[in-house]
Amino acid sequence: MANETADPPEMTAASSSEPERPAQAEVVIETRNLTKIYRDFWGRAKVRALKSLDLEVRQGEIFGLLGPNGSGKTTTIKLLLGLIFPTHGQALVLGKPATDEAKNEKIGYLPEESYLYRFLNAVETLDFYGRLFNMPAKVRKQRAAELINLVGLEGAKRRPLKEYSKGMTRRIGLAQALINDPQLILLDEPTSGLDPIGTREMKDLILELKARGKTIVLCSHLLADMQDICDRIAILHRGELKELGRVDSLLQVTDITQLQIKDLSDEAQEEIEAVLRKHHGELVGVNHPKATLEDLFLRIVRESDDHLGRRVVRELPTETASENGSPEKTDES
Ligand SMILES: Nc1ncnc2c1ncn2[C@@H]1O[C@H](COP(=O)(O)OP(=O)(O)OP(=O)(O)O)[C@@H](O)[C@H]1O
Ligand SMILES: [Mg+2]
């Protein structure tokens, strides 16, 4: 597991007066003309799952493969792991051909479906995978404890996995993928089946891994999840690369400027609008920003955790609102 690039963030920071310039980061994955055609029993081309994919993933970034069902995301990940062979083209992963299985010692993989043993508990599961990497007993024990803590399964570590909820199963899957302290982590739909809290926690875990200097490639069709955490994304459709770039620049609407002002008086707003008219700027909209439904959901659940048993219903005031005008009802039960 030890390797010369184990601690890359310090390397980049020390090597330049302009740290964190992606162009300077080491290339961890490189695909050239990567193509996969699944064939039927007779060798006839059945599905062109991936067509001439060219991309690079750099050290320390979170890279998202985005696309609808059947667009080739899982196929790409399996090609990078050498679980399947390309029909044309090649992929280099950590400087080695993707087909070289030895490089997988430095890679962690969370598959789309969990294949863990249902009758083992979390500690036993991690111990089992630690053995596969020939880790000594003492290291396995320490690593399992660390990972169980990292993925928040401390309270359930002795329960067999068959009793786990979907969210818990995803978490132990992630812990298993991290057992070898991998340099590169491939996550296939890490947030699938998770509720908003589980999703947020999984996203925070992924960000934590990035903060520890890991490179992460994840695939998903859940757009909000990708937008939140990915540095760069590739959008696949029917096996073709349609878009590639930094999330912030892909999503920036460059011809609109947004001002966010607190406590703006009507008078001041009129003056601002007059200035805009003077400069021929078109006022596209004046509104108050909205929180996302995710923000609202998380806040409600956290408030509920803090005040168990209290029911709070907030409604917008309408003609039918209560006579004292209070839009908020509480019900302690
Ligand atoms: N073993 C296989 N044999 C034949 N065709 C396959 C095989 N695996 C995948 N395919 C086909 O290749 C295409 C891409 O599949 P892939 O699993 O890579 O998509 P995906 O983007 O991961 O989709 P999803 O979001 O549903 O997981 C699909 O048309 C799929 O039916
Ligand atoms: Mg898939």
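**Exercise 1. Find the partner of Gly64 in strand S9 of this predicted model, then follow S9 to its other neighbour.**

Start at Gly64: its bridge partner in S9 is Ile233. Next, widen the view to the two strands. S3 (residues 62–66) and S9 (residues 232–237) run parallel and are joined by 4 bridges. Now turn to S10 (residues 240–246), which pairs with S9 over 6 bridges in the antiparallel sense. In this pairing, Arg246 of S10 stands opposite Arg232.

**Exercise 2. Work out how helices H3 and H4 are oriented to each other, and list the residues in their contact.**

Take the axes to begin with. Those of H3 (residues 122–132) and H4 (residues 137–150) come within 9 Å and cross at roughly 130°. That angle makes H3 oblique to H4. As for handedness, the crossing is right-handed. Then collect the contact residues: H3 brings Ala122, Val123, Leu126, Asp127, Gly130 and Arg131, while H4 brings Arg140, Arg143, Ala144, Leu147 and Ile148. Sorted by class, the contact has 6 nonpolar, 1 polar and 4 charged residues.

**Exercise 3. Describe the shell around ligand 1: how many residues surround the ligand, and which elements supply at least two of them?**

Count the shell, and you reach 14 residues, with Tyr38, Ala49, Asn69, Thr74 and Thr75 the closest. Now assign elements: strand S2 (45–58) and helix H2 (73–81) each supply at least two shell residues. To finish, sort by class, which gives 3 nonpolar, 8 polar and 3 charged residues.

Note on methods
Residues are numbered from 1 along each chain as its sequence is written. Chains are lettered from A and ligands numbered from 1 in the order in which they are written. This is a predicted model: local features need pLDDT of at least 70, side-chain atom pairs count only at pLDDT 80 or more; totals for chains, interfaces and linings use all residues. A residue is near a molecule or strand if its C-beta atom, placed from the backbone, lies within 6 Å of it. Ala, Val, Leu, Ile, Met, Phe, Trp, Tyr, Cys and Pro count as nonpolar, Asp, Glu, Lys and Arg as charged, and the others, Gly among them, as polar. Axes are lines fitted to C-alpha atoms, for helices over the stretch in contact, and angles run from 0 to 180 degrees between N-to-C directions. Angles under 35 degrees count as roughly parallel, over 145 as roughly antiparallel, 65 to 115 as roughly perpendicular and the rest as oblique. A crossing is left-handed if the near helix is turned anticlockwise from the far one by less than a right angle, and right-handed if clockwise. Two residues are in contact if their C-beta atoms, placed from the backbone, lie within 7 Å. Two strands pair if DSSP finds at least two bridges between them.
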